[in-house]
Structure formats: C-alpha cells, structure tokens
Amino acid sequence: MFAISDLKKTKVYAEAYQEGQQEALTRERPLVVRLLKCKVGELPKATLAYVDRLSLMQLEDLAEALLDFGELVDLDNWLGQLTEKRAELTEMLTQGLGTLELPVREQIEGLTLEQLGLLEKAAAEDMTQAGLMD
C-alpha cells in the first residue's frame with residue numbers, strides 16, 4: 001500500500017510543496033512588510049532584504065512578534081536574535097558533526113527561534129546528521 005510518507009518522498013510532492021511555500025511567501029511577505037512599516041516606520045533597505053530572505057515559518061513568527069514592536073530597534077533585535085541563534089547552533093553542530101550537508105544547512109536556515117532552541121536541545125541528545133534531519 002502506498003503511504004503518505006512514501007508520497008512525501010517523491011519529486012512531484014517536493015515540487016508541489018515548494019510551489020505552495022513560494023505562493024504563500026508571495027502573499028504574506030508584502031503584508032508583513034506593510035504591518036512592520038505601520039508599527040516601526042520606514043525600513044532600511046538592508047532590513048527589507050533580510051525580511052525577503054526569511055522562510056515562511058520565520059515570516060509567520062515575525063508577524064506574531066511584530067505585535068510587540070514599538071520601534072525599529074525592536075525589529076533589529078528580533079532579527080539579530082534569529083541570526084545569532086542560527087550561528088550558534090550551526091557552530092555547535094559543525095563542532096560535533098563536522099561539515100554539515102547542504103540539506104541540513106538549508107533546514108537550519110529556515111527555522112524559527114523556537115525551533116532553533118528545540119533543535120539545540122535535540123542535538124545534544126542525537127548528534128548525527130541523519131538524526132537531526134528526522
């Protein structure tokens with residue numbers, strides 16, 4: 001019998017999933033940028049470029065976090081925390097596992113702050129790239 005897990009391993013599923021993610025980003029990113037501008041004022045080009053590189057999950061996380069923002073420094077701090085946490089986790093994993101394979105690095109790039117924290121805890125228990133991908 002063909003299971004859902006088997007379907008998720010197909011190229012067709014991967015392409016459809018990626019297309020859906022891209023469509024969601026295309027819809028949500030302008031809305032989040034508009035909300036940010038309303039909350040903190042005009043955004044520097046570097047900040048806009050950073051927001052443009054956020055994954056869908058990170059963008060949704062930012063949309064929730066921006067409710068607590070009062071000024072641009074709050075956004076900068078949030079983006080800085082994301083960058084710092086990602087760098088710390090990548091360094092920890094590289095020290096424990098050696099060079100990280102591209103799929104692992106890509107997965108880490110798209111994680112939210114909460115997910116990065118959870119991965120950090122999981123990595124302390126299961127330090128294999130295969131285990132982390134699961």
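**Exercise 1: A threonine and its contacts**

Leaving out neighbours within four places in sequence, Thr 47 is in contact with Leu 75, Asp 76 and Leu 79. Keep in mind that this is a predicted model.

Task: Find the helix that holds Thr 47, and decide whether Thr 47 is buried or exposed.

Solution: 
- Step 1. Locate the residue: Thr 47 is part of helix 3, which covers residues 45–52.
- Step 2. Check its relative accessible area, which is 9%.
- Step 3. Apply the cut-off: buried means under 20%, so Thr 47 is buried.

**Exercise 2: Two packed helices**

Task: Describe how helix 4 and helix 5 pack, and sort the residues of their contact by type.

Solution: 
- Step 1. Packed helices are described by the angle and the distance between their axes.
- Step 2. For helix 4 (residues 56–65) and helix 5 (residues 72–97), the angle is about 145 degrees and the axes lie 11 Å apart.
- Step 3. The contact involves Gln 58, Asp 61, Leu 62 and Ala 65 from helix 4, and Leu 75, Trp 78, Leu 82 and Arg 86 from helix 5.
- Step 4. Sorted by type, the residues of this contact are five nonpolar, one polar and two charged.

**Exercise 3: The faces of a helix**

Task: Work out where the buried residues of helix 7 sit around its axis.

Solution: 
- Step 1. List the buried residues of helix 7: Leu 116, Gly 117, Leu 119 and Ala 123.
- Step 2. Look down the axis: these buried residues fall within an arc of 160 degrees, so they line one face of helix 7.
- Step 3. Turn to the face pointing away from the buried side: it carries the exposed residues Glu 114, Leu 118, Lys 121 and Glu 125.

Note on methods. Residues numbered from 1 in each chain as written. Predicted model: local features only at pLDDT ≥ 70, side-chain atom pairs only at ≥ 80, totals over all residues. Heavy atoms only, no water. Axes fitted to C-alpha atoms, helices over the stretch in contact; angles between N-to-C directions. Helix = DSSP H or I, 4+ residues; strand = E, 2+ residues; numbered from the N terminus. Contact = heavy atoms within 4.5 Å. Nonpolar A, V, L, I, M, F, W, Y, C, P; charged D, E, K, R; others polar. Buried < 20%, exposed > 50% of the residue type's maximum accessible area, 1.4 Å probe, protein only. Arc of directions from axis to C-beta.
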